[in-house]
Amino acid sequence: MKARLRLRMSSHDAHYGGGLVDGARVLGLFGDAATELLVRADGDEGLFRAYDSIEFLAPVFAGDTLEVDGEIVSFGASSRKMRFEARKVGRARPDLGPSAAEMLAEPIVVCRATGTCVTPKDKQRLPPAGPRAPVILTAAIVGAETTRAQNPSLPLTADEIGEEARRCRAAGAAVIHLHAREPDGTPTQSGARFKEFIEAIRARTDVIIQTSTGGAVGMGIAERCQPLELAPEMATLNIASMNFGDDVFLNTRKDVEQVAAMIRERRIVAEIECYDLGHLDAARALLARNLIAAPLHFQFVLGVPGGVGASERALDAMVAELAGFPAGATWAVAAVGRHQLPMADLAIRRGGHARVGLEDNVYVDKGVLAKGSYELVERAAAFARAAGREIATPAVARRLLGLST
Ligand code: KMH
Ligand code: ZN
């Protein structure tokens, strides 16, 4: 959540010789931006508790025009971490005439700060929405690449898949991201195998089942799309080709358009898999051609060798790109390997949703294998609670994702 103020420093604001404005004046503007953010998030003005860092980077004078940005970067139960930046975007030019002034071609950053504000729980008047909405946890319980040699708890048979889905649901998962395997572990997109797995899950729990159309690297597009014939509630839509470790994950534009059209025709809700920043542009092109439709749901897959790395900076860039899409889009993070849990935590604090599970990561702690995807879901659920967000049940997730209930 972001707020922006713009105002001109007048001679009333000048405090020191030479028309210099004091730093406290700029901090007052950060306070105003923080207040707007708290009013929008909580329906309360809240309190500024502490600054963690303040850097004054350039002097401010009477006659300068400042632009101030404030942003809530993460939510706790009552704390809201924020960052601020003030930039000079215009200035007086007394050297050219008594009322001469100019807007700057390049803004000058005059101050940066980070801090924490608090809205006590009993003062939070607004229903949790947007960044405070319940967290949708997705469990990617099998995937196509993980092997039993990497983690002996990987479920492979219909019974094992059904039981693992039940455990994940009990731990807080609302969505199961599903691949299928032959009993020997070979990945398959066979409709018959998916049907068996879906029935095993349905017999045990009410989770949303999201079938993969990614399959395994090297599979043809028709092969990958077989599960769509089973009319799952959700399906993945991989948006572009990329290196995938040592392999190439091929998603030509024509193929992506075909998969998107098949998903749309069957009224299945697409989860748009973005492994890189440019994949959001590819999604925008599909939107323009009506091959995907709002409400959109994005999965930011971070840390695949060949895609964007798993960093806070990368996540911020991808979230910022959502400004170019219709309002109301939801987003989640699936980071791979050791990044899975820390990035799930960050995504949840940023107001997103999260996917965890053995498909993308086999460890629950450094060197400690997860007993199953459910253990990773338990960790993600703890992150949600620490951030003061509820965990979406499948029913709530269906509402948030625009699935028919
Ligand atoms: N197995 C990966 C190559 C998806 O499920 O849609 C692709 C994948 C994506 O797992
Ligand atoms: Zn997958």
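## Helix α8 and its cover

The buried residues of α8 are covered by elements that include β5 (65-75), β17, α7, β18, β19 and α9 (373-386). This is a predicted model. Helix α8 spans residues 340-349 and is mostly covered. Nine of its 10 residues are buried. These are Gln-340, Leu-341, Met-343, Ala-344, Asp-345, Leu-346, Ala-347, Ile-348 and Arg-349.

Gly-351 follows α8. The phi of Gly-351 is positive, near 100 degrees.

## The barrel

β17, β18 and β19 also belong to a closed barrel of eight strands. The order is β8-β9-β12-β13-β16-β17-β18-β19, with parallel pairing. From one strand to the next, the twist averages 25 degrees. Helix α7 (residues 312-321) packs on this sheet. There α7 touches β16 (269-274), β17 (297-302) and β18 (330-335). The direction of α7 makes about 160 degrees with that of β17.

Where do β8 and β19 meet? Strand β8 covers residues 137-140 and strand β19 covers residues 353-356. They pair in the parallel sense over three bridges. Across this pairing, Thr-138 stands opposite Arg-355 in β19.

## The open sheet

β5, named above among the elements covering α8, is part of a second sheet. This one is open and has five strands, in the order β1-β5-β6-β7-β4. Its pairing is antiparallel. β1 (2-8) and β4 (47-56) stand at the edges. Each has a single partner strand, so one side of each is left without a neighbour in the sheet. The twist averages 25 degrees from one strand to the next.

In one of the pairs, Ala-86 has Cys-111 in β7 as its bridge partner.

## The ligand shell

Which residues are closest to ligand 1? They are Ala-144, Ser-212, Gly-214, Val-217 and Thr-236. In total, 13 residues surround the ligand. By class, the shell has five nonpolar, six polar and two charged residues.

Conventions: Residues are numbered from 1 along each chain as its sequence is written. Chains are lettered from A and ligands numbered from 1 in the order in which they are written. This is a predicted model: local features need pLDDT of at least 70, side-chain atom pairs count only at pLDDT 80 or more; totals for chains, interfaces and linings use all residues. A residue is near a molecule or strand if its C-beta atom, placed from the backbone, lies within 6 Å of it. Ala, Val, Leu, Ile, Met, Phe, Trp, Tyr, Cys and Pro count as nonpolar, Asp, Glu, Lys and Arg as charged, and the others, Gly among them, as polar. Two strands pair if DSSP finds at least two bridges between them. Helices (H or I, at least four residues) and strands (E, at least two) are DSSP runs, numbered from the N terminus. Axes are lines fitted to C-alpha atoms, for helices over the stretch in contact, and angles run from 0 to 180 degrees between N-to-C directions. Two residues are in contact if their C-beta atoms, placed from the backbone, lie within 7 Å. A residue is buried if 20 or more other C-beta atoms lie within 10 Å of its own, exposed if 12 or fewer, and partly exposed in between; C-beta atoms are placed from the backbone.
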